[in-house]
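Student: Could we go through this model together, one question at a time?

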Amino acid sequence: PHPRVNVYYFFVLLLQLHHQLMSSSNGDSNALINDRSDNDDGGDVVVIELGSRWCRAGVAGDDAPLATCPTISAKRERYPDDSDYGNLGMSSFLSINPKYGVKLVDIIKEGEACNMLDLTKFIEYVFQVELRLIPSSIRGVLVLDQPCSTNEHRQSIAKIMFETLRVPRLYIMSSSVASLYTSGRVTGLVVDLGHDHVSVVPVV
């Protein structure tokens, strides 16, 4: 699908997200994985959707995502440890001489990370290059995950967010549930036509 499809459903969730993050200090932590900060001062709430082809990321309160980038890495065959990610990776693939053997590699396929190191570097890229935010200084992160993702994948995302990026709070939510909320409904059947799979999710 076009990278701008379903852009606005991120921000329909913002009031709910703010409520979850602010109420976590009062013991309301049903979907909150962890809360490592006692500081309720201001700060940005970052919203990230990790799709199999596109990643969309922004800040709570904005009218649209700040960044839309492909969920890929560009690897050089001569220098396998030297990779570019997202839009930088696509630019490298298109601009570098073919003799250097640059190839595009999917970071997420069918809702699962193909390589955890690549996923870590990609999320760091999103914060540093696309959003230009310091993860440890923000208020919290909402990750919209694919409905077919496993608990192990979500735990890996949580590990990256907390142990590598040091974010204070994390909330992981199904992108299908988020899409349903945009219609003003809390129950329904969501059909998601993704890049490499189709999911049909009943929300009850």
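The questions below go from confidence to the sheet, the helices and a few loop residues.

Tutor: Happy to! This is a predicted model, in which local features need pLDDT of at least 70 and side-chain atom pairs count only at pLDDT 80 or more, while totals for chains, interfaces and linings use all residues. Residues are numbered from 1 along each chain as its sequence is written, and side-chain values use heavy atoms, with hydrogens and water left out.

Student: What pLDDT does the chain average?

Tutor: pLDDT is the predictor's confidence in each residue, from 0 to 100. Here 75% of the residues score at least 70, and the chain average is 77.

Student: Over residues 1–16, how many contacts does the model have beyond near neighbours in sequence?

Tutor: Contact means heavy atoms within 4.5 Å. The pLDDT over this stretch is below 50. Where pLDDT is low, the predicted coordinates should not be read in detail. With that caution, the count for residues 1–16 is 47.

Student: In what order do the three strands of the open sheet stand?

Tutor: Strands (E, at least two residues) and helices (H or I, at least four) are DSSP runs numbered from the N terminus, and two strands pair if DSSP finds at least two bridges between them. Strand 5 (residues 72–76) pairs with strand 6 over three bridges in the antiparallel sense. Strand 6 (83–85) and strand 7 (102–106) each have a single partner strand, so they stand at the edges. The order is therefore 6-5-7.

Student: Which residue of strand 6 stands opposite Ala 74?

Tutor: Strands of a sheet pair through backbone hydrogen bonds, either parallel or antiparallel. Opposite Ala 74 stands Asp 84.

Student: What angle does the direction of helix 3 make with that of strand 6?

Tutor: Axes are lines fitted to C-alpha atoms, for helices over the stretch in contact, and angles run from 0 to 180 degrees between N-to-C directions. Helix 3 (residues 86–95) packs on the sheet and touches strand 5, strand 6 and strand 7. Its angle with strand 6 is about 125°.

Student: Where does helix 4 bend?

Tutor: Helix 4 (residues 116–131) also packs on the sheet, touching strand 5 and strand 6. Helix 4 bends by about 30° at Tyr 125.

Student: Is Ser 149 buried or exposed?

Tutor: Buried means under 20% relative accessible area, exposed over 50%, and partly exposed in between (1.4 Å probe, protein chains only). Ser 149 lies in the loop between strand 10 (140–145) and helix 5 (residues 151–164). Leaving aside neighbours within four places in sequence, Ser 149 is in contact with Gly 111, Glu 112 and Arg 154. With a relative accessible area of 7%, Ser 149 is buried.

Student: What positive phi does Arg 132 have?

Tutor: Most residues other than glycine have a negative phi, and most peptide bonds are trans. Arg 132 sits in the loop between helix 4 and strand 10, and at 70% relative accessibility it counts as exposed. Although it is not a glycine, Arg 132 has a positive phi of about 55°.

Methods:
Expected span 1.5 Å × (residues − 1). Bend = angle between axes of the 7 residues up to and from the residue.
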